[in-house]
Amino acid sequence: MATTNQPPDTPDTPAPPPPASDAERVARLRPAYQAELADGIARFFEPRRTDCPWCGARQLRRRLRTKDHLQRKPGTFTLDQCRDCGHTFQNPQLSAAGLDFYYRDFYDGLYAEKIGGALDSDAARKRNRDRAAAMRRHARPKRWLDVGTAGGDFCLAAKEALPGTAFDGLDIGAHVLGAQQSGRIERAYQGFLPDLADELAGQYDAVSMFHCLEHTTDPKAQLAAVHTVLRPGGHLIIEVPNPESPFGRLFGRYWLPWFQPQHQHFVTMRNLRRALTELGFTVVATDREESHIPVDFTALVGLYVLRLLPFRDEPWLPRPPGRLGAAVTKTVFWAGIPFCFPMYALDRLLAPLIRRSRFSNAFRVIARREE
C-alpha cells in the first residue's frame, strides 16, 4: 500500500480575536463603574481626623486641596500638615473601598500596560541598579524582600549588581504573581506587609521600600513589620517623596509627588530617622542626591494639560465624549505636548543643582536592624 507524507485533515482553527481597543475596554467597564458610583463616594473615605496620625498633636493646617488629575476619578482630596512634627497626610484618608476604587485600573487593569512601560524605562532601570549599588556599599544580602515590588522591575535590575542575592517580592496587586512566573523574583507574596510579617519573621537580610511607604495607610506599622522580617544585622533601604521640597509649595497641586489620591502619608527625613531609631535601627546612610527623580517641571506641564482636557473617555465618567468631544480633546492634548519638551530639558539641565539642594523631590535612608 502506498503511503504519503501529507498530514491528516484537521479542522480549521479560528484565528484569535484582535486585542480590544482602549475605547472597547472602556465601554465594557462603564456599566459596572456607573452602578458602583450610583450611591456616591462617601464610603470611599474614612472619617476626617482632628489629630496627627504620626505624633498625635491636634495642631493641623491644610496644605493642599486637589482633584485626581491623572485618572479624573471623582472626589476631592485634602492634604493636612501637623504644625508640631511636620507630618503631611491625606485627610480624610481613603477607606478600604476607596483604596480598591482609586487603585483599580491604574497599576492593574486599564492603565497597567502604560504604567508598566514607564516603570520599565531605561532611566528606571538605571535608577534601580543605582539603588542596589547603594545597598552593596553596606551589605551583600543573601535574601532580599522588595515591598511594593509591582512587576519586579527593581529585582530584575538589582540582580546585575548583586548576582548572589535571591529576591522575593510583596505587593497587594496581582502583578506580583506575574513577576514570579516570569522569573524576576523567587517568591511572590500578595498582601500587606504587616499582615504577613509574623509568617516572614527573621527571614531576610535586606528589605527595600521604594516609593511604597507613602501609599500605605499606617506607615509606622509598615516600619515595625520591616523590623520583624529582618534578621539582626539586616538592612532596610527606603525611598520616599520629600515633603519639605519647596517645589511642593511652589507647584501646588501640579507637583507630581503629591500624587493624589494614591499617596496618603508624607514622612519627613527627621521623623523617619527618629521612628527607625525608636524601633531599634541604626541609620547608616541618608541621601537626597541619587534619590532625586528629574521630573518636576515636565510633570508640572503634563498635569496641567491633563486638567485642561475638556472631555475624556473613562469608564467612571458617565458618558463617552462623542466624536466632536474626542476631537477637541485630542487637539488640546497635542497642542500642550510641545510645552513638555523644554520642561524635560530644564529638568535634565537643573538636575545636578537640584540634587544638591533642599529642592530634591525625594530622599533615601538606609538603616541596620540591631540585635
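## Strand pairing and the sheet

In this predicted model, strand 3, which covers residues 88-90, runs antiparallel to strand 9 and is joined to it by two bridges. Within this pairing, Thr88 is the residue that stands opposite Phe266 of strand 9.

These two strands belong to an open sheet of four strands, whose order is 1-2-3-9 and whose pairing is antiparallel. Strand 1 (60-66) and strand 9 (265-266) each have a single partner strand and stand at the edges, so that one side of each is left without a neighbour in the sheet.

## Packing of helix 8 against helix 10

Helix 8, formed by residues 219-229, packs with helix 10, formed by residues 269-279, at an angle of about 40 degrees, and their axes lie 10 Å apart. Because angles under 35 degrees count as roughly parallel and those from 65 to 115 as roughly perpendicular, helix 8 is described as oblique to helix 10. The crossing of helix 8 and helix 10 is right-handed.

On the helix 8 side, the contact is made by Leu223, Ala224 and His227, which meet Leu272, Ala275, Leu276 and Leu279 of helix 10. The residues of this contact comprise six nonpolar and one polar, with no charged residue.

In helix 2, which spans residues 96-103, the buried residues are Gly98, Leu99, Phe101, Tyr102 and Tyr103. Among the elements that cover these buried residues are helix 1 (22-37) and strand 2 (77-82), the latter being also a member of the sheet with the order 1-2-3-9. Helix 2 is followed by Asp105, a residue whose phi is positive, near 70 degrees.

Definitions and conventions:
Residues are numbered from 1 along each chain as its sequence is written. This is a predicted model: local features need pLDDT of at least 70, side-chain atom pairs count only at pLDDT 80 or more; totals for chains, interfaces and linings use all residues. Side-chain values use heavy atoms; hydrogens and water are left out. Two strands pair if DSSP finds at least two bridges between them. Axes are lines fitted to C-alpha atoms, for helices over the stretch in contact, and angles run from 0 to 180 degrees between N-to-C directions. Angles under 35 degrees count as roughly parallel, over 145 as roughly antiparallel, 65 to 115 as roughly perpendicular and the rest as oblique. A crossing is left-handed if the near helix is turned anticlockwise from the far one by less than a right angle, and right-handed if clockwise. Contact means heavy atoms within 4.5 Å. Ala, Val, Leu, Ile, Met, Phe, Trp, Tyr, Cys and Pro count as nonpolar, Asp, Glu, Lys and Arg as charged, and the others, Gly among them, as polar. Buried means under 20% relative accessible area, exposed over 50%, partly exposed in between (1.4 Å probe, protein chains only).
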